[in-house]
Amino acid sequence: MSPRHVNLSSADRVLFPDDGITKGDLFSYYGDVADAIVPHLRDRPFTMKRYREGIRGGHFFQKQAPKGIPDWIPTKQFRTWPREGGSRLVDFPLVDSREALLWMVQMHCIDMNAWYSRWDKPERPDYVVFDLDPPDGDFPLCVRAAHLIREELEGLGLTGWPKTSGSDGIHVLVPITRRSTYDDTYEFAELLARGLEERHPGVVTTEWLKKKRSGVLVDHRQNGHGKTIASAYSVRPRRHAPVSTPLRWEELTEELDPTALGMTQALERLDRHGDLYRPVLEEQQALAPALRELRSRAA
């Protein structure tokens with residue numbers, strides 16, 4: 001037996017009651033998709049989001065590597081600042097292998113959430129995140145907002161890559177050189193979003209409170225140290241088990257049904273297209289000139 005073998009327990013436990021999807025089904029999917037998803041998690045402090053009783057039973061976040069974690073899953077220690085105040089040192093696990101990924105499934109993680117920066121340069125994110133949250137599940141409006149972001153990025157000499165959030169939203173990631181800070185990426189996302197909000201009211205908003213919101217929230221606040229979003233190819237804890245699926249921009253149309261992109265479709269698309277999110281790992285775009293341009297426009 002391999003020293004990295006993961007024993008799956010309770011394989012028949014139903015995690016998605018409306019669909020009959022079990023822990024074993026999730027384990028099988030992540031085993032099949034490991035070659036694509038692990039590169040997007042590797043070397044990044046990992047936050048465990050655990051659903052012990054399935055998607056209807058609630059969840060809890062666990063940053064500290066639990067007791068009993070296999071010794072072949074590395075950890076890295078960082079200081080965190082909990083909302084309740086103070087600070088503490090946390091040993092974050094790193095999901096650097098297929099077996100580590102499967103161990104997270106064994107621990108009832110449904111979606112996989114890691115930092116935007118890697119452990120060796122924790123203050124230097126690898127990308128800017130645009131997290132688009134539409135009102136009342138209005139995915140077509142979200143598509144419109146995403147294409148506005150694409151056009152704005154292109155005007156600044158940058159390229160972003162879209163994926164479904166696995167819910168009714170869209171994520172656009174803009175890979176950058178590891179020279180910018182989280183303050184830089186936060187400011188860049190905020191300036192770009194506020195500019196679009198001013199020019200396209202009712203389509204783009206930065207308003208946090210839902211009752212005051214009109215349009216798709218472009219949440220620049222997601223660009224902060226220690227923040228996470230569900231990675232590409234993550235199953236999301238929602239009915240039908242949708243997957244956060246990388247797309248080509250031309251595929252991102254108002255007719256697209258993101259809930260139809262599940263585990264089977266994710267694997268089929270990988271076979272057909274390869275990892276469409278690979279450029280997020282490989283491209284290194286300079287953020288500073290674009291940030292200076294946005295600052296000058298806002299002045």
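These legends walk through close-up views of a predicted model.

Local features here need pLDDT of at least 70, and side-chain atom pairs count only at pLDDT 80 or more, while totals for chains, interfaces and linings use all residues. Residues are numbered from 1 along each chain as its sequence is written, and side-chain values use heavy atoms, with hydrogens and water left out.

**View A. Two tyrosine pairs.** The structure holds 6 aromatic pairs, counted when ring centres of Phe, Tyr or Trp (its six-membered ring) lie within 6.5 Å; planes under 30 degrees apart are stacked, over 60 edge-to-face, and the rest tilted. Tyr 29 and Tyr 30 have ring centres 5.1 Å apart and planes at 65°, so they go down as edge-to-face. Both Tyr 29 and Tyr 30 are buried (under 20% relative accessible area; exposed is over 50%, partly exposed in between; 1.4 Å probe, protein chains only). For Tyr 116 and Tyr 127, the centres are 5.7 Å apart and the planes at 50°, so that pair is tilted. Tyr 116 sits in the loop between strand S7 (113-114) and strand S8 (127-133), with Tyr 127 in S8, 11 residues apart; helices (H or I, at least four residues) and strands (E, at least two) are DSSP runs, numbered from the N terminus.

**View B. Lys 76 and Trp 119.** Lys 76 lies over the face of Trp 119, 3.9 Å from the ring centre. The cut-off is NZ of Lys or CZ of Arg within 6 Å of the ring centre and within 35 degrees of the ring normal.

**View C. An open sheet.** Four strands run in the order S4-S3-S7-S13, with antiparallel pairing; two strands pair if DSSP finds at least two bridges between them. At the edges are S4 (60-62) and S13 (229-230), each pairing on one side only. S7 and S13 share 2 bridges, and Asn 113 stands opposite Ala 230 in S13.

**View D. Salt bridges.** There are 18 of these in the structure, each a side-chain nitrogen of Lys or Arg within 4 Å of a carboxyl oxygen of Asp or Glu. Asp 18 is partly exposed at 47% relative accessible area, while Arg 239 is exposed at 52%. Asp 111 and Lys 49 also form a salt bridge, at 3.4 Å N to O. Here Asp 111 is buried at 0%, and Lys 49 is buried at 11%.
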